[in-house]
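Open the structure in your viewer and keep the selection tool at hand. The tour goes from one stop to the next, with a note on what to select at each.

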Amino acid sequence: MSTDTITTTDLSNLWMPFTANRQFKAHPRMLAAAKDMYYTSAEGHQILDGTSGLWCVNAGHGRQPIIEALHRQATNMDYAPSFQIGHEDSFRAATAVAELMPQGLDRIFFTNSGSESVDTALKIAVAYHRARGEGQRTRLIGRERGYHGVGFGGISVGGISPNRKTFSGVMLPGVDHLPHTHDLEHNAWSRGQPAWGEHFADALESIIALHDASTIAAVIVEPVAGSTGVLLPPKGYLEKLRAITQKYGILLIFDEVITGYGRLGAATGSEFFGVTPDLITMAKGISNAAVPAGAVAVRRSVYDAILDASATGIEFFHGYTYSAHPMATAAILATLGIYRDEGLFERAHSLSRPFEDAAHALKGTRHVIDIRNLGLVAGIELSPRPGAPGARAAEVFAKCFDKGVLVRYTGDILAISPPLIITEKQIAQIFSTIAGVLGTVD
Ligand code: PLP
């Protein structure tokens, strides 16, 4: 596609998500193709994918086994309803997902996105307590700066104010929030988990004292908060959340939409941190983003309680037309096969040290006030331009794109999360491009 084609394309009909539409349409930035570590722009330039698309193409782009599986599936059976009817791959995909989950979380509910996974998990938590005769446990606890997608459930437990403020009067009632764990004064420049900040989990005890445990269904957190700008859990923090929730019979949900499927060098953040929640939400890397897909892994005892409470008929009135869509289950099975056959989680683990070193080499670069990293994710925080928060990072993003590297930004934080197939040379290219661009930005 040439530049001419772009300017003659009518951009007016599409309402773009999470995008400055007017700004974009005035200066469009178009992708035309993708293979392995690279996008090709509409102008034919190669763009190194430093963000796995949107944290989701963990095995790299255009992978042949997935393409072939989708082709086979589309030819054989395009769609199958999943209410009261099954298709074999939905069960196989559930087993394959369960095998990667922590011990005990082996009941799998399929969705199509992270947002749907979150809302599904919140509903399962409430249904579980009701099934056990504790129907008053409806309160949900999220965390400041948390991102749990865009459903009403997700924005209610989420803590990103621009996503919430328009809807503040119509969000779920009875939600409270833990404080976030980020404090530049104490945990800046952390390589891996910060040593300081475990005490932030103590706020859960205060929230429980305020509302009483008997009213609380679940706590939901991202093990590593991604979308808000890569906030790492302090050492001991997740362990403490687990201990407190367990003490009070509150379910713990890890939102692993980003941390699942190798981002930290393990199948899940739960495995990486050695902390097992009761439910895990996932999407993105589950299907390598080739087809929209998501899932919730549920502790077997939670599933059993909900099924046992129902004498006959449908036990849980929830599901999507596209739950376990045949194209999604085909993509999931092929994707998990690639992760296994190519040892990509192990690869991410072994690359995490050179990745960390390359990221932290930016210390001292103009505008950089913090660098933090874990596995194959790094956050680079910039000082905001006076009176124009976010403008500096936006400019870095645009200039990196022009120089052939895709990065992401939230506010003034750059986030790097490349596909797990990345090479050390490509890692160096990402960070040296950012360093070069920072030198040119006011
Ligand atoms: N939860 C987390 C932790 C996420 O990072 C995201 C997306 O980035 C979501 C939920 C929402 O996923 P989706 O955009 O697929 O609905």
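Start with strands β11 and β12 (residues 377-382), which run antiparallel and are joined by 6 bridges. Helices (H or I, at least four residues) and strands (E, at least two) are DSSP runs, numbered from the N terminus, and two strands pair if DSSP finds at least two bridges between them. Within this pair, select Ile-371, which stands opposite Ile-380 in β12.

Before going further, note that this is a predicted model: local features need pLDDT of at least 70, side-chain atom pairs count only at pLDDT 80 or more, and totals for chains, interfaces and linings use all residues. Residue numbers start from 1 along each chain as its sequence is written.

Now widen the selection to the open sheet of 4 strands, with the order β11-β12-β15-β14 and antiparallel pairing. Its edge strands, each pairing on one side only, are β11 (368-374) and β14 (408-410). Neighbouring strands of the sheet are turned by 20 degrees against each other on average, direction ignored. Axes are lines fitted to C-alpha atoms, for helices over the stretch in contact, and angles run from 0 to 180 degrees between N-to-C directions.

Next, colour by domain: domain 1 is 3-62 + 343-438 and domain 2 is 67-342, with bounds from an automatic or database domain assignment. Their C-alpha centres lie 26 Å apart. Across the boundary, 34 residues of domain 1 are in contact with 31 residues of domain 2; contact means C-beta atoms, placed from the backbone, within 7 Å. On the domain 1 side, α15 gives the most, with 7 residues.

Finish at two loop residues. Phe-18, between α1 (3-8) and α2 (21-26), has a phi near 40 degrees, a positive value. Phe-18 counts as exposed because it has 9 C-beta neighbours inside 10 Å (exposed is 12 or fewer, buried 20 or more, partly exposed in between; C-beta atoms are placed from the backbone). Asp-212, in the loop between α10 (203-211) and β7 (216-221), has a positive phi of about 80 degrees.

Key:
Contact = placed C-beta atoms within 7 Å.
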